[in-house]
Amino acid sequence: MTVTYSNTMFEELAQTVRGDVITAADPRYDEARAVYNGMINKRPAVIVRCADTADVVDAVRFARAHQLEIAVRGGGHNAGGLGVWNDALVVDMSAMRSTTVDPDAHTVRVDPGCTWGDVDHATVAFGMATPSGFIASTGVAGLTLGGGIGYLARRFGLTVDNLLSADVVLADGQLVTASESSHPDLFWALRGGGGNFGIVTSFTFRCHDIGEHGMIIGGPVLYDLADAPEVMRWYRELLPSLPEELNGWIALLTIPPAPPFPEELWGRKACGIVWCYTGPHAQAEQVLAPIKSFGNPLLVGLHEMPFTALQGAFDPLYPAGLQWYWRADFFNEISDAAIDVHMKYGEMLPTGHSTMHLYPIDGAASRVPEQGTAFAYRDGGFAGVIVGVDPDPANAAAISDWTRDYWTELHPHSAGGAYINFLMEEGQDRVRASYRSNYDRLAQVKRRYDPDNVFHINQNIRPAGG
Ligand SMILES: Cc1cc2nc3c(=O)[nH]c(=O)nc-3n(C[C@H](O)[C@H](O)[C@H](O)COP(=O)(O)OP(=O)(O)OC[C@H]3O[C@@H](n4cnc5c(N)ncnc54)[C@H](O)[C@@H]3O)c2cc1C
C-alpha cells in the first residue's frame, strides 16, 4: 500500500489533540522516533505523543481515515523495535505516566507510558509490588501484554496473572474496559496476546506485600565461566526445591568493568545467578544457606535492599541506544546437551554486553493452565534469551552472527516457541509456535475486535478466516 501524506493533514490533527504531533520537519523528530534498540532506524510519517485517552482515540480515527498504518509505543523497549514503523502513525504513550496506588485494596492503576521503575516507585513505598520483569526501564504496556516474566513470577505468577482490568481503545475508536466480567474474551486475549487487539490506555494490577515493607534480599552470585556446567546442573536440581519466595535467573556474561564489581573481576567471563528473596527476613539465613555454601563463587553480592534497587540494578549497564540482536526459546529443562552448547558460546561471548539468560517460569506462574490466559507456556521451565549487544554499530554483524549461531545450535534442545516479547521479526511460524494451542482462539478474538488487522505492527495474530 502506497500512502501519500502532507504536513497540512497533520496540522489538522495537531488542532484536535492535546499532545504533540511530531513530523519529520520537527526538530524533535529524531529523538521521538528513536527506540531502545539502537539497531532500529525507522522513519514514521508522524508521531502523536498522546496526552490522554481522547488523543489515542483521535489518533486511531485519523490514521484509519488517512489509511496510515498504526504503530504503538509504550516504553520503546521492544526487541524488534515494533513501537515505531516506516511511514506509520506512531501512537506514542510515553507522556502518559501517572500511577494511582490503593494500599488498602492492594491495587495500582497505571498509565500506558509508565516504565516499571515508575510503578515500583509508587508501590514499594507501601511495601508492595506487582510482578513485572528484571529491569526498571522496560515499559509496562509491552511487557504486560506479552506476559511479563520477573522476580516475583515464582511466588505470584506472571504480570498478566495479576492484571485486573485494562481500558482499551479498539480499532473503531471505541473505548472498552476488559476484565473477568467485562469483555472477558478480550481480557483473556490481552493477557499475552500483545498489542493485537487495541491500544491499552490504563492497566489495573493486583499488588502483593513483599519482603519487610519492600526491603528484599537479593543480588548476583558469580562463578568463573569454567564452573558453568557444574553451576547449571546444581541450579536445575536446586530450583524446584526452593521456596517460591526465592527466585533466581541464570546468565552467562562478562563481568562489567564498573563498580560495584571489584576491579580484579572486570572483563572476566562468568556464569551468574541473580537472586531475589521476598519472604520474611527471619527465615532468610536458612533459605539462602544452600546458595551461600555452593561451589567457589567469585563474588557473593547478596544484600538487603529495597526491591526498587534490585529492579533498577541493571539499568545503568544497559542504557538506551545500544545495538541489540535477539533470539529466544522456551526450555522445559537445562539438559546436559544444552549445557555443552552454552559453554561453547559462553566462551565466545562477542562483546562485554552480550549475554544469555534463562528465566524460570515455574511455581505460581506454572500453576495457571495453558488455556487460562493467552500466554501459553506454563510447563514449569524457562524463558531463554540470547542477546548480542554492543554500543558500536560496526559490531552489529558480529553480535548478530554469534546470536544466530548460538540459537541455531541450542534450538533443538528447546520446548519450541519463545516468549513473544523476545522475538524480533521472525515470521508467522514462530508466532504460532509461541501461542501453541491458544493461537486459534486468539485469531477468533482478533476477528471480533480487529477484523481488518489494523493493529498489525506487532507479533501479529491474523484475524480468523481472513
Ligand atoms: C533491556 C530489556 C530487558 C527486558 N527484561 C524483561 C524482563 O525482565 N521480563 C520481561 O517479561 N520482558 C523483558 N523485556 C522484554 C520486554 O517485555 C519487551 O521488550 C516489551 O515489548 C517492552 O515493552 P515496551 O512498552 O517498553 O515496548 P514498546 O516497544 O513501546 O512496545 C512494544 C509493543 O507492545 C505493544 N504496545 C505497547 N504499548 C501498547 C499499548 N499501550 N497498547 C497496546 N499495545 C501496546 C505494541 O505492539 C508495541 O509494538 C526486556 C526488554 C529489554 C530491552
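Tutor: Let us begin with the polar contact, which is a pair of N or O atoms within 3.5 Å; within protein, one must be able to donate a hydrogen and the other to accept it, and residues adjacent in sequence count only if both atoms are side-chain atoms. A case here is Lys 446, where a polar atom of the side chain lies 2.8 Å from the backbone oxygen of Phe 455. This is a predicted model, in which local features need pLDDT of at least 70 and side-chain atom pairs count only at pLDDT 80 or more, while totals for chains, interfaces and linings use all residues. Residues are numbered from 1 along each chain as its sequence is written, and side-chain values use heavy atoms, with hydrogens and water left out.

Student: Is Lys 446 buried or exposed?

Tutor: Buried means under 20% relative accessible area, exposed means over 50%, and partly exposed is in between (1.4 Å probe, protein chains only). Lys 446 counts as buried because its relative accessibility is 0%, and its place is in helix H15, residues 439–449; helices (H or I, at least four residues) and strands (E, at least two) are DSSP runs, numbered from the N terminus.

Student: And how should I read Ser 293, buried or exposed?

Tutor: Ser 293 has a relative accessible area of 59%, so it is exposed. Ser 293 lies in the loop between helix H9 (284–292) and strand S15 (299–300), and its side chain reaches the backbone oxygen of Pro 290 at 3.4 Å.

Student: Which residues come nearest the ligand?

Tutor: A residue is near a molecule if one of its heavy atoms lies within 4 Å of it. Of the 34 residues around the ligand, Gly 74, Gly 76, Phe 134, Ile 149 and Tyr 419 come nearest. An oxygen atom of the ligand is 2.5 Å from a polar backbone atom of Gly 74, and an oxygen atom of the ligand is also 3.0 Å from a polar backbone atom of Asn 78.

Student: How much of the ligand does the protein bury?

Tutor: Accessible areas come from the Shrake-Rupley method with a 1.4 Å probe. Taken alone, the ligand exposes 950 Å², and the protein buries 96% of that.

Student: Which element gives the most to the shell around the ligand?

Tutor: Helix H5 (140–146) is among the elements that give two or more residues to this shell, and H5 gives the most, with four residues.
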